[in-house]
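User: Here is the next one on my list. Let's go through it in plain sentences.

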Amino acid sequence: MANVTDLQTKYSKLAQEYSKLRAQNQVLKKAVVDEQANSLSLKEQLKQRDQSLRKQEQEMDSLSFRNQQLAKRVELLQEELASKGDSPPQHGLETQNVFDEDLQKKIEENERLHIQFYEADEKHRRQEAELKTRLQELEKDSEQHQAVVDGLTTKYMESIERLQGDKARLEVKAQTLEREAKECRMRTEECQQQLRRCQSELNRQVKQSSSVIQEKVPFNDTKFSDYNSLNVPPHNRRHQLKARDVAGQALGFIQDLVAALLNFHSYTEQRVHIYPLDSSIETISPLNQKFSQYLHENAAYVRPLEDSFLQLHQSITEDTVTVLETVVKLKTFADHFSSYTHFLQKILPYQLKSLEEECEAPLCTAALTAKNQELQSDMKRVTSVFEKLQNYINILALPSVRQDAVPQSSTSAVFTQLAACLHSLNDAIKEMSKHYNQKASLEQELPTVTQKLSTTSECLLGSLGSLTSSTGKIATFFSNNLDFFTSSGYSPRGSTVALNPLQAESMLANKKKAAAYIHAIKKPRPQSVPYREALSNRRILNSSTESREGLTQQVQQSQEKIARLEQEKEHWLLEAQLGKVRLEKENQRIADLEAQLAAALGGSPNLQASAASTLAQSHEEAEKEQKAAGKETTLCTSLVGMLCTTPTVEHVGDEESREQLIKTHYMARVGELTTQLQISDSKAVHFHSECRALAKRLAIAEKSREALSEEVKVANQNITRLQDELTTTKRSYEDQLSMMSDHLCSMNETLSKQKEEIDTLKLGSKGNAKKNKGR
C-alpha cells in the first residue's frame, strides 16, 4: 500500500509538472506572437519613415523653387545697379564702400556657415557609424535570443514527451502494484486468523503459567528495588536501532555545523586583514592583530566537537542500553562544547571593538554604522544563546557522571528548553546573515572597495548561509525527535526507578553472563532418530523443499525487481548529470550574452579603439578635402580681394565687369551653401528618425532579453526542484526498505520467542502431569 501511495503521489507530481510545462509552452507561443506583432509595428514604422522622406523631397522642391525666385531677384538687383552706374563718381564710391562692407560680412558669415556645416557633417558621420555598429550587435543578440527560445521550446517538448511516457509506465506499474496489494490483503487476513489462534493459545498458556508461578515460585526479586535493579531489563531492539539512527543523523548535522563554523571564523580572519586596513599595504591595528590571532585558533575549539560526537555515536551499539545514565561519552562532548563557548566569549569583545573601528573609518557612512551596530547586537545574542545551550548540554551530561544528579521528571523539561534554544539560535544567525548581506551591499557602493574585499565578503556570506541552514536542520531534527528524547527508555521490569551508572554496568555484565550460560547448557541433538520420526521428518522435508522452491522464486522475483529499480536509479542519475551539464552550458551562454550586451551598452576598450581609429581616419580625409577646397577658396577670395581692394590698371575703370564677377561669385557661393545646408538638414532629420527607430528596437531587445532571462531562471528552478524530488524519492524508498527489513526481523524475533515460550510451557506442563501421576 505504501508503494501504491508513493506511486500515486509521484504520478500527481508528474501531472503537475506536465501542466506547468504546458503553461510554459503557451507562454513561449505568446512570446512568438508578440515578436510577430513587433515585426508588424516595425513595418509600419518603415512606411511612416518613407512618408516622411517623401515629405522632405517635397520640401526640397519648394526650396529649389525659392532659390530660383532669389536668382531672379538678384538679376533685378544687378539691372538696378547697372542703371545706377551712370550716377556721379562720389555716389558710386559710397555705394561701393557699403557694398564692400556687406560683401565682407557675407564672406565671414559664409566661412562660419561652412565651419558649422563641417562640424555637423562630422558629428553626423560619427553618430551614423556608432548606430550602425550598435544595430549590428543588437541584431546578433536578437538572433542568439531567438536560438535560445527555439532550444528551450524543443527541450520542453522533449520533456513533455518523456513525462507522458513515464505516466504510461507508472500507470502500468500502479496496476501491477494494485494486484500485489490485493494479494497482500488476502495474506494479511490469513495471518490475522493465525494470529488470533496464537493469541488464544498464548492466553491459555499464560493463565496456566501464572498459576504455576504463584504456586511454585517461592521468591520474587522484583518486589525489592535493590535486587530488581540488577535484573536485565527487556531489550528493546527497535529503541536501540532508533537511538543509533538518531545519533547518526545528529552526527551528520554536527559535521555540517562544524564546517560552517570553521569557514565563518576563517573568512572573518581574512576580512580583518583586509578591511578597514589592508595588511599587505599597511599595518593593521593591535586590536585586530590580537583578534586575528584568536580567530586563527578556532580549529582547536571547533574540531573536537565533531570528534567527541563521533565517539558518542560509536559508543551506541545494538547490544548496549542507551539512556542518559549510560551515555558516558556525552560528558566529553559537553566539555568540548563548553570550551567552544568560552572561545566565543573570549573573542566577543574583540568582534565588537573591530566593528567600532570599521565605523571610525573615514568613508564609513551612516547606513554602514547602523548595520555595524545591528551586527554587534546579533553577535551578543548568538553568544548568549550558545551559553544557554552549554548549560542545557551540561545538565544532560550529569546523570552519566553522578547518581541522582537530575530527577527523571526534569529531563523532559530540559529537552524541551534545549529544542526552543536551538530554534532561537537559528533565528539569531538568520538575523546576523541578513544584516551581513545588507552591509556587504552597502560596502559595494564605496569607491575604495577592492576585489579582494568583495570576494571575502561573498565567501563570508556563503558561510553564514550554510551556518543558517545547518542550525535550522538541527532545530527541526531535534523538534521532530523530541518525543523519542523524552521517552522513558529502559528500566527493570516492574520498577519505575531509573538506572544509575553502576547498576547499568552490573546489569550489562549480568546480561553477558546469562547469554554465556544459555549457550553453555545447550545440548546437541542425538545422531540417530526412530524410524517413524524419520518418516515424519521426510514428509516435513518434502513440504519444506516445496516451500523453499516457492521462496526461491519469490527471491528471484524480488532480485529482478531490485535490478530493475537499480537500472531506473542509474537512469535518473544520468538524467540529473545531463541536466546539470545543460544548466552549466545555459549559464555560460547567458553570461556571454550579458557580457556582450554590457559591452554594447557601455562600450568596450576594443570598440573604443576601433572607433577612435575610424574617427582619426575620417579626420585625415576631411583635412585633405579641406586643404583641397581651401586652395580653391584661397584662389577665389584672393581674386575677389584683388578685384575689390587692389584693382590693377587694366580694371580700374571696368566697374561693370568687376561687379559682375563679384555678384556671380557671391551668388554661386550662396547657392552652394544653401544646397549644402538643405542636404545637411535632410540628413539630420533622416538620422534623427533612424536614431529613434534604433532606440525603440534597443528597448524591445532589452525587454526580450529580460523575458528570456526570467524564463532561464524558471527553467533552472524547475531543474533544481526535479533534482530535489528525485533525491527525496530515493530517500523515501531506502527508508521504506530499511523499515520493512527491521519489521521483518522484529516479527521473526517475536515468533521465535513465542515458539520458545510455547515449548517451555509445554515441557513444564508435561513435567507437572508426570509429577501428578507419580503422586
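**Contacts, cores and helix packing**

User: Leaving aside its neighbours within four places in sequence, what is histidine 145 in contact with?

Analyst: Histidine 145 is in contact with Leu593, Arg705 and Leu708, once neighbours within four places in sequence are set aside. Contact means heavy atoms within 4.5 Å.

User: What kind of model is this, and what are the ground rules?

Analyst: This is a predicted model, where local features need pLDDT of at least 70 and side-chain atom pairs count only at pLDDT 80 or more, while totals for chains, interfaces and linings use all residues. Residues are numbered from 1 along each chain as its sequence is written, and side-chain values use heavy atoms, with hydrogens and water left out.

User: Back to histidine 145. Buried or exposed?

Analyst: Histidine 145 counts as buried because its relative accessibility is 8%. Buried means under 20% relative accessible area, exposed means over 50%, and partly exposed is in between, with a 1.4 Å probe and protein chains only. Histidine 145 is placed in helix α2.

User: Which other residue is found in α2?

Analyst: Asparagine 110 is found in α2, which covers residues 89-216. At 14% relative accessibility, asparagine 110 counts as buried. Not counting residues up to four places away in sequence, asparagine 110 touches Arg669 and Leu673.

User: How many helices and strands are in the chain?

Analyst: The chain has 15 helices and 0 strands. Helices (H or I, at least four residues) and strands (E, at least two) are DSSP runs, numbered from the N terminus.

User: And how much of the chain is buried?

Analyst: Of the 775 residues in the chain, 26% are buried. As for contacts between residues at least 6 apart in sequence, 88% join residues at least 24 apart.

User: Which residues of the largest nonpolar core touch the most other members?

Analyst: That core has 63 residues, and Phe333, Tyr340, Met432 and Tyr436 touch the most other members. The elements giving two or more residues to this core are α4, α5 (286-296), α6 (299-315), α7, α8 (366-397), α9 (408-444), α10 (451-480) and α11 (482-485). The largest share of this core, 14 residues, comes from α4. A nonpolar core is a set of buried Ala, Val, Leu, Ile, Met, Phe, Trp, Tyr and Cys residues joined through side-chain atoms within 4.5 Å.

User: What does methionine 432 contact?

Analyst: Apart from its neighbours within four places in sequence, methionine 432 is in contact with Phe264, Leu375, Asp378, Met379, Val382 and Leu464. A second, separate core has 10 residues, among them Val149, Tyr156, Leu163 and Leu708.

User: And serine 433, what does that touch?

Analyst: Serine 433 touches Leu461, Leu464, Gly465 and Thr468, not counting residues up to four places away in sequence. Serine 433 is found in helix α9 and counts as buried at 17% relative accessibility.

User: New topic. How do α4 and α6 cross?

Analyst: The axes of α4 and α6 come within 9 Å and cross at roughly 170°. That makes α4 roughly antiparallel to α6. Axes are lines fitted to C-alpha atoms, for helices over the stretch in contact, and angles run from 0 to 180 degrees between N-to-C directions. Angles under 35 degrees count as roughly parallel, over 145 as roughly antiparallel, 65 to 115 as roughly perpendicular and the rest as oblique.

User: What about α4 and α7?

Analyst: The axes of α4 (residues 237-274) and α7 (residues 329-359) come within 13 Å and cross at roughly 30°. α4 is therefore roughly parallel to α7. In their contact, Ile254, Leu261, His265, Arg271 and Val272 of α4 meet α7 residues including Phe333, Tyr340 and Phe343. The contact residues divide into 8 nonpolar, 2 polar and 2 charged. Ala, Val, Leu, Ile, Met, Phe, Trp, Tyr, Cys and Pro count as nonpolar, Asp, Glu, Lys and Arg as charged, and the others, Gly among them, as polar.

User: Last pair: at what angle do α7 and α8 pack?

Analyst: α7 and α8 pack at about 165°, with their axes 9 Å apart. They are therefore roughly antiparallel to each other. The residues of that contact divide into 17 nonpolar, 11 polar and 5 charged.
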